[in-house]
Amino acid sequence: MSSLFSSAALVFSAAGVLRVVLLFYGLYQDAHSAMKYTDIDYLVFTDAARYVSHGVSPYARDTYRYTPLLAWMLLPTAWNGWFSFGKVLFAVADMVAGWLLVRVLEDQIGISGPRALKYASIWLLNPMVATISTRGSSEGLLGVMVVALLWAVLQKKVTLAGVLLGVGVHFKIYPFIYGPSILWWLDAGTEDETQPDQTKSQGIVSRIWSLATPDRITITFAALSTFSALNLSMYILYGLPFMQHTYLHHLTRIDHRHNFSPYNILLYLSAAGNSGVGFESIAFIPQLTLSAVAIPLSLARRSLPGAMLAQTFAFVAFNKVCTSQYFLWYLVFLPLYLPSSSLINRPVLGISAGLLWVVSQALWLYEGFQLEFLGISSFVPGLWLSSLFFFAVNIWILGIIIADVGSLPQDAGKPRIVAAKEGRQESSQTASHVTSAERFDDTKRRNIEAYMNDLRALGNKGSE
């Protein structure tokens, strides 16, 4: 098995073979089984693409709740014999996301080639990831956008990062939660150096103004401009239905099928008009407070990849609609978090977390199968209790992630990036020196050096 990770070509070939096998298996199951392999969402995508190919709005297809860009990208599915084009596209996107993960692991986190391939294989060779994409879920496209965004930020390609953030939020709303983390992370290591002591003692307005660094302004402008341009273009083409189905629908969304969320039963009652409380419009408040405010402020300057994982995990766990496809949103960050995590350093904890995550899903899926395929009413207590158990397991795992990332030193990610870049140009001795000094910021180091100089001066006077 170790020989597999000795070559990137072998790993990516294995990932490609896995997806090809699943694609052909899906064709067989669709043709011979009452339980179809193809995701119902893929039928919605391809129907919308067919409408577009005939010059009709994609929103003429009921339940199409996505940007028109997705329907445009899948236009070839309207051609004879090209129905599976979208599945191939999503599977290729999976692999591109895996390639970007390897780049981040090697260039930014400083992990060697074979070890980086092992961690990237958690995504590339993951049967769950490959199955979801080859069934026709578009989450692979989001995986590429999000990992590319992280790579661009870590490389300080701020304009590109802003464009990717704008496209990502247009494509699927949730990537906007990464904006606060990115802004908080950018230039964090230089603020203490660029601000004199008298500036720090000024009022809150001055402190806020000092946060408006060129990189932060650039990425904000690029993201807002891209997002606005795409939305304006789509609104001109498709009008209010675009706004309603792509964005506004999610404020009052009450989908309860295939939903792991503890809100599931309440959504079912709301759909029937029996809940008595319009909670679906306010359920996002605790979700966004945690994922878009608390976690970025607490973790972003310790590890940007770790913070983005924690944000996404919290967003999905607290979301009022939680389906299997959404798990890919945070699984794509797992290879970047695991190398220094307690889930790896403490194998018993890691195995327990993995088993509980899988078992809690299996319990829910059993109850869901009883309800949706056999027509047996399993809402209470089965489905409700399994939803609560799955939520509890996710909160426990989220706590582990937050504790791991929170234990890292402030701005821990930045020195590693510097060391990785300089290590390709300097001697191993110099790189080692940078690594040993990364525990201290420049202000603390200068204070220590000044203190040591004073001690030497006192010693010299004493010897005289």
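Tutor: Let us look at the lining of the largest cavity, whose residues comprise 7 nonpolar, 3 polar and no charged. Here Ala, Val, Leu, Ile, Met, Phe, Trp, Tyr, Cys and Pro count as nonpolar, Asp, Glu, Lys and Arg as charged, and the others, Gly among them, as polar. The model is predicted, so to speak of local features requires pLDDT of at least 70 and side-chain atom pairs count only at pLDDT 80 or more, while totals for chains, interfaces and linings use all residues. Residues are numbered from 1 along each chain as its sequence is written, and side-chain values use heavy atoms, with hydrogens and water left out.

The residues that line this largest cavity are Phe260, Ser261, Pro262, Val316, Ala317, Asn319, Cys322, Phe390, Phe391 and Asn394. The largest share, 3 residues, comes from α22. The space in this cavity is about 40 Å³. A cavity is a set of points on a 1 Å grid where a 1.4 Å probe fits but cannot get out, and its lining residues have an atom within 4 Å of a point.

A search of the whole structure finds 2 cavities of 30 Å³ or more. The second largest cavity holds about 30 Å³ of space, and Tyr66, Thr67, Leu70, Ser138, Leu142, Phe171 and Lys172 line it. In the lining of this second largest cavity there are 4 nonpolar, 2 polar and 1 charged residues.

Let us return to α17 and follow it to another helix. Helix α7 (residues 139-154) packs against α17 at an angle of about 150°, and their axes are 11 Å apart. The two helices, α7 and α17, are therefore roughly antiparallel to each other, a term for angles over 145 degrees. From α7, the residues Val146, Leu150, Val153 and Leu154 make the contact with Leu304, Pro305 and Met308 of α17, where contact means heavy atoms within 4.5 Å. The contact of α7 with α17 consists of 7 nonpolar, no polar and no charged residues.

Notes: 1 Å grid on protein atoms, 1.4 Å probe; cavity = no way out; pocket = protein on both sides within 12 Å on 5 of 7 lines; lining within 4 Å. Points joined across faces, edges and corners; volume = space filled by probe spheres on them. Helix = DSSP H or I, 4+ residues; strand = E, 2+ residues; numbered from the N terminus. Axes fitted to C-alpha atoms, helices over the stretch in contact; angles between N-to-C directions. Parallel < 35°, antiparallel > 145°, perpendicular 65-115°, else oblique.
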